[in-house]
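Keep the 3D view open as you read.

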Amino acid sequence: MTADAAEALEVITGASRFEASAEKSTIAHAAQELSGGSWGAGTVDGDVCRIYTPVGTPEVELRITWLRSDGIPAGDPAPKFTVLPMGERALTATDGAVIRFACRSGKLTGSAPAHVDIGVERGGMPTEPEGDPDELKDAYATVAHSFSLAMAKELGCESDGGLEPRPSLDPAPR
């Protein structure tokens, strides 16, 4: 995780320290799941990890997920999302973000390129997000970008799946 993403997690959760995740909650393990098996038509998904605030502090859970699908996104996003110019499609809101990138890699089976979504969302019961809405949107997008770039690198995607080294947080022109 990048230093920017660590700061973004603090914006989202209010915490600078987090509980340890499960041993298999790593990008490497998620990439192995994503690239393994024979893929048919449709989508396949799984968890990368969950991030928890320390015991004894206000409880916050973030869920980092992956999804592999056949095609590029279609249609307009829900009104709560802001579109950002990252990967094939990047969406951010005050309670989550998702980045889709295309990956051509010898590690992946099936038709090329694979379309991979990395999502970041708050777990547990839905609550109204607290904090500056623009700061929260940027924070979620930054965390999603960090995990997306790490996944693209772990999978060996050509040109890092089209992801730049730093997130692009200015909304895409419509």
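This is a predicted model: local features need pLDDT of at least 70, side-chain atom pairs count only at pLDDT 80 or more; totals for chains, interfaces and linings use all residues.

Residues are numbered from 1 along each chain as its sequence is written, and side-chain values use heavy atoms, with hydrogens and water left out.

Start with strand β6, residues 114–122. Strands are DSSP E runs of at least two residues and helices are H or I runs of at least four, numbered from the N terminus. Seven of the nine residues in β6 are buried (under 20% relative accessible area, 1.4 Å probe, protein chains only).

Now look at its partners. Strands pair if DSSP finds at least two bridges between them. Strand β2 (residues 61–69) runs antiparallel to β6, joined by eight bridges. Leu-67 has Asp-117 of β6 as its bridge partner. Strand β5 (residues 96–103) is also antiparallel to β6, again with eight bridges. Here Gly-96 stands opposite Glu-121 of β6.

Turn to the helices. The axes of α2 (residues 27–35) and α3 (residues 133–155) come within 9 Å and cross at roughly 60°. These axes are lines fitted to C-alpha atoms over the stretch in contact, with angles from 0 to 180 degrees between N-to-C directions. Heavy atoms within 4.5 Å count as contact. On α2, the contact residues are Ile-27, Ala-28, Ala-30, Ala-31, Leu-34 and Ser-35. On α3, they are Phe-147, Ala-150, Met-151, Glu-154 and Leu-155.

Conventions: Buried means under 20% relative accessible area, exposed over 50%, partly exposed in between (1.4 Å probe, protein chains only).
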